[in-house]
Amino acid sequence: IMSEHDNKKPLGTLETMHEMLNNSFSMIENGNNAKLTPQQEQQHECEDEIRASNDVNKLAAKVWVVRYVDYTSKYGLGFLFNTGSAGVYFNDSTKIVLSADGAVF
């Protein structure tokens, strides 16, 4: 998805999520008969392609964060994956992940 204000700049993940939620809520408020912006039309085309995909397993996340602790003001962000692995993303952009069995960093 491209920026609504500057069509040359691609949006980041959070900005894309924000844009998609705003578009969805505006469609709900205005009813589904509302005229779509070019960005909304592009979004709907992408959603249709995803729905048409035969292999849904490719789209499903295999690993996700189940818990996290935010100490970004001092150290970084700690997280626990659904697999049992744990890790930290430090403020200096270094990271470390421990395997679920504790044997491998």
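The protein has an accessible surface of about 8700 Å², and 57% of that surface belongs to carbon and sulfur atoms (Shrake-Rupley method, 1.4 Å probe). The model is predicted: local features need pLDDT of at least 70, side-chain atom pairs count only at pLDDT 80 or more, and totals for chains, interfaces and linings use all residues. Residues are numbered from 1 along each chain as its sequence is written, and side-chain values use heavy atoms, with hydrogens and water left out.

**Overall make-up**
- The protein contains two helices and four strands, in the sequence pattern α-α-β-β-β-β (DSSP runs, H or I of at least four residues for helices, E of at least two for strands, numbered from the N terminus).
- Of its 105 residues, 13% count as buried (under 20% relative accessible area, 1.4 Å probe, protein chains only).
- Among contacts with a separation of 6 or more, 5% come from residues 24 or more positions apart (contact: heavy atoms within 4.5 Å).

**Sheet**
- Four strands form an open sheet in the order E1-E2-E3-E4, with antiparallel pairing (strands pair if DSSP finds at least two bridges between them).
- Strand E1 (65-71) and strand E4 (95-98) each have a single partner strand, so one side of each is left without a neighbour in the sheet.
- Strand E2 (residues 76-81) pairs with strand E3 (residues 86-90) in the antiparallel sense over five bridges; Gly78 has Val88 in E3 as its bridge partner.

**Aromatic pair**
- The whole structure holds one aromatic pair (ring centres within 6.5 Å; planes under 30 degrees apart are stacked, over 60 edge-to-face, the rest tilted).
- Phe79 and Phe81 form this tilted pair, at 4.9 Å centre to centre and 55° between the planes.
- Phe79 is buried, with a relative accessible area of 16%.

Conventions: Buried < 20%, exposed > 50% of the residue type's maximum accessible area, 1.4 Å probe, protein only. Phe/Tyr/Trp six-rings, centres within 6.5 Å; stacked < 30°, edge-to-face > 60°.
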